[in-house]
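Student: Could we go through this model together before I set anything up with it? I'd like to start with the core and then look at the charged pairs.

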Amino acid sequence: MPRVYKPGKVAIVLQGRQAGKKVVVIKQLDEGTKERPYPHAIVAGIERYPLKVTKRMGAKKLARRSKVKPFIKTLNYSHLFPTRYAFELEGLKGTVAAETFKEPTQREDSKKQIKKLLEDRYVSGKNKWFFQPLRVCCFLVTQGVPP
């Protein structure tokens with residue numbers, strides 16, 4: 001089976017609290033571990049996306065609206081949907097490891113590092129698609145029954 005979830009691959013979460021959010025695969029574990037005997041990946045994603053900014057806004061307001069709230073998680077492959085996009089991870093690789101999830105302080109430190117890296121990437125204008133919330137189109141399907 002080909003390896004779909006390589007480090008740097010952008011995916012969409014399908015299940016759970018962060019369903020519909022975009023994530024970047026940091027580390028993939030195809031064979032699983034002792035605690036998690038299923039194929040899974042360590043991912044970092046955006047819980048709260050930056051807001052829209054315009055030219056008329058001042059520097060203070062622009063800085064406030066450009067903030068990102070990240071999350072880190074271990075997710076089962078069946079709860080991820082791969083996309084064609086990739087994300088360069090020079091700084092993300094060392095921030096999150098399997099040991100990060102054991103200690104809450106380590107988790108918070110890695111979240112702060114990821115937040116800084118993502119905000120820098122957003123301000124520089126790279127990977128614009130990653131920093132926009134997923135557009136969801138809802139279609140009402142009727143089965144021939146008039147309203």
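This is a predicted model: local features need pLDDT of at least 70, side-chain atom pairs count only at pLDDT 80 or more; totals for chains, interfaces and linings use all residues.

Student: Which residues have the most contacts inside the largest nonpolar core?

Tutor: The largest nonpolar core has 17 residues, and those with the most contacts inside it are Ile 46, Phe 87, Val 96, Ile 114, Leu 118, Phe 130 and Phe 131. Two or more residues of this core come from each of strand S2 (22-29), strand S3 (40-48) and helix H2 (104-124), and the largest share, three residues, is given by S3.

Student: And what is Ile 46 in contact with?

Tutor: Leaving aside neighbours within four places in sequence, Ile 46 is in contact with Lys 21, Lys 22, Val 68, Lys 69, Pro 70, Phe 71, Leu 118, Phe 130 and Phe 131.

Student: Switching to H2, is Ser 110 buried or exposed?

Tutor: Ser 110, which lies in helix H2, counts as buried because its relative accessibility is 2%, under the cut-off of 20%. Not counting residues up to four places away in sequence, Ser 110 touches Ile 72, Thr 95, Val 96 and Thr 100.

Student: What about Val 123, buried or exposed?

Tutor: Val 123 also has its place in helix H2, but this residue is exposed, with a relative accessible area of 63%. From C-alpha to C-alpha, Val 123 and Lys 55 are 14 Å apart in space, while 68 residues separate them in sequence.

Student: OK, charges now. How many salt bridges are there in the whole structure?

Tutor: A search of the whole structure finds four salt bridges. One of them joins the side chains of Lys 69 and Glu 47, at 3.8 Å from N to O; Lys 69 lies in strand S4 (residues 69-76) and Glu 47 in strand S3, so this pair ties together parts that are 22 residues apart in sequence.

Student: Which residue does Arg 121 meet in a salt bridge?

Tutor: The side chain of Arg 121 meets that of Glu 88, at 4.0 Å from N to O. Because Arg 121 lies in helix H2 and Glu 88 in the loop between strand S5 (80-86) and H2, the pair ties together parts 33 residues apart in sequence. Arg 121 counts as buried at 11% relative accessibility, whereas Glu 88 is partly exposed at 48%.

Student: And where are Asp 120 and Lys 116?

Tutor: Both are in helix H2, four residues apart, so about one helical turn separates them, and they form a salt bridge whose closest N and O atoms are 3.9 Å apart.

Definitions and conventions. Residues are numbered from 1 along each chain as its sequence is written. Side-chain values use heavy atoms; hydrogens and water are left out. A nonpolar core is a set of buried Ala, Val, Leu, Ile, Met, Phe, Trp, Tyr and Cys residues joined through side-chain atoms within 4.5 Å. Buried means under 20% relative accessible area, exposed over 50%, partly exposed in between (1.4 Å probe, protein chains only). Contact means heavy atoms within 4.5 Å.
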